[in-house]
Amino acid sequence: MMNNITPIALFYGSSTCYTEFVGEKIAKTLEKKCGENTVHIFKVGDDDLQKIQGYHNIILGIPTWDYGELQEDWENHWPELDQIDFENKTVALYGVGDQVGYPEWFLDALGYLHDKVQARGAKLIGYWPNEGYKFSASQALNEDGQFFLGLAIDEENQFDLTEERIDRWVTQILQEFGFD
Ligand SMILES: Cc1cc2nc3c(=O)[nH]c(=O)nc-3n(C[C@H](O)[C@H](O)[C@H](O)COP(=O)(O)O)c2cc1C
């Protein structure tokens with residue numbers, strides 16, 4: 001087990017609790033590897049986004065809604081991201097979506113959040129290979145289209161893969177945060 005890692009903030013927005021559950025699984029996995037109280041969980045809308053300022057390492061979770069749109073709480077608080085200085089902050093993202101129901105907009109909001117915090121100066125980590133997914137278009141891919149811009153989770157169609165994906169991704173981001 002890794003000790004003495006500085007707390008990581010995890011902020012999520014979630015309308016029907018999937019992104020919340022995934023966030024809790026990510027936090028549990030991190031704490032299994034690094035010890036209790038490693039992760040401080042916050043809900044966009046209930047908790048002030050400005051709390052991000054108190055952390056160096058941050059995880060943000062966002063589902064996509066309504067054909068390629070931001071989840072409601074993220075949308076309502078979007079302008080507040082402009083008040084946060086992400087310089088010297090390292091950010092890992094995870095997105096939740098439905099590749100079968102919405103294949104033309106799979107995880108689009110993940111891409112929008114990525115571009116937003118990157119423009120504010122954040123160092124982004126946690127890119128994730130797009131193998132093992134089937135969709136027709138996504139705004140959440142990197143330039144060459146090989147990677148999602150964060151962990152890609154589909155609880156509707158690939159629920160059985162979520163735990164393994166989280167476990168691998170957590171190992172990856174711990175390294176990229178510099179905790180190995
Ligand atoms: C009306 C509606 C629109 C949706 N639009 C998209 C979409 O454009 N892209 C996508 O990847 N998923 C889409 N989804 C799937 C949700 O992202 C998915 O159900 C997710 O798990 C919801 O997360 P939450 O419970 O944390 O809000 C949509 C779902 C609904 C019900």
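Predicted model: local features only at pLDDT ≥ 70, side-chain atom pairs only at ≥ 80, totals over all residues.
Visitor: How do the residues of the shell divide into nonpolar, polar and charged?
Guide: The ligand has 20 residues around it, and S14, T16, T19, T64 and G68 come nearest. By class, the shell divides into 10 nonpolar, 7 polar and 3 charged residues.

Visitor: Which atom of G68 lies 2.8 Å from an oxygen atom of the ligand, backbone or side-chain?
Guide: S14 places a polar side-chain atom 2.6 Å from an oxygen atom of the ligand. T19 likewise has a polar side-chain atom 2.6 Å from a ligand oxygen. For G68, the atom at 2.8 Å from an oxygen atom of the ligand is a backbone N or O.

Visitor: How much of the ligand's accessible area does the protein cover?
Guide: On its own, the ligand has 640 Å² of accessible area. The ligand sits in the largest pocket. Of that accessible area, the protein covers 89%.

Visitor: Why is the pair of F106 and F135 described as it is, by its planes?
Guide: The structure holds 10 aromatic pairs. In the pair of F106 and F135, the ring centres are 5.4 Å apart. The planes stand at 45°, so the pair is tilted.

Visitor: How many residues apart in sequence are the parts that this pair ties together?
Guide: F106 lies in the loop between β5 (90–96) and α3 (108–119). F135 lies in the loop between β7 (128–129) and β8 (147–148). The pair therefore ties together parts whose separation in sequence is 29 residues.

Terms used: Residues numbered from 1 in each chain as written. Heavy atoms only, no water. Near = heavy atom within 4 Å. Polar contact = N/O pair within 3.5 Å; in protein donor to acceptor, adjacent residues only side chain to side chain. Areas by Shrake-Rupley, 256 points an atom, 1.4 Å probe, with all protein chains shown as cover. 1 Å grid on protein atoms, 1.4 Å probe; cavity = no way out; pocket = protein on both sides within 12 Å on 5 of 7 lines; lining within 4 Å. Sits in = over half its atoms within 2 Å of the grid points. Nonpolar A, V, L, I, M, F, W, Y, C, P; charged D, E, K, R; others polar. Phe/Tyr/Trp six-rings, centres within 6.5 Å; stacked < 30°, edge-to-face > 60°. Helix = DSSP H or I, 4+ residues; strand = E, 2+ residues; numbered from the N terminus.
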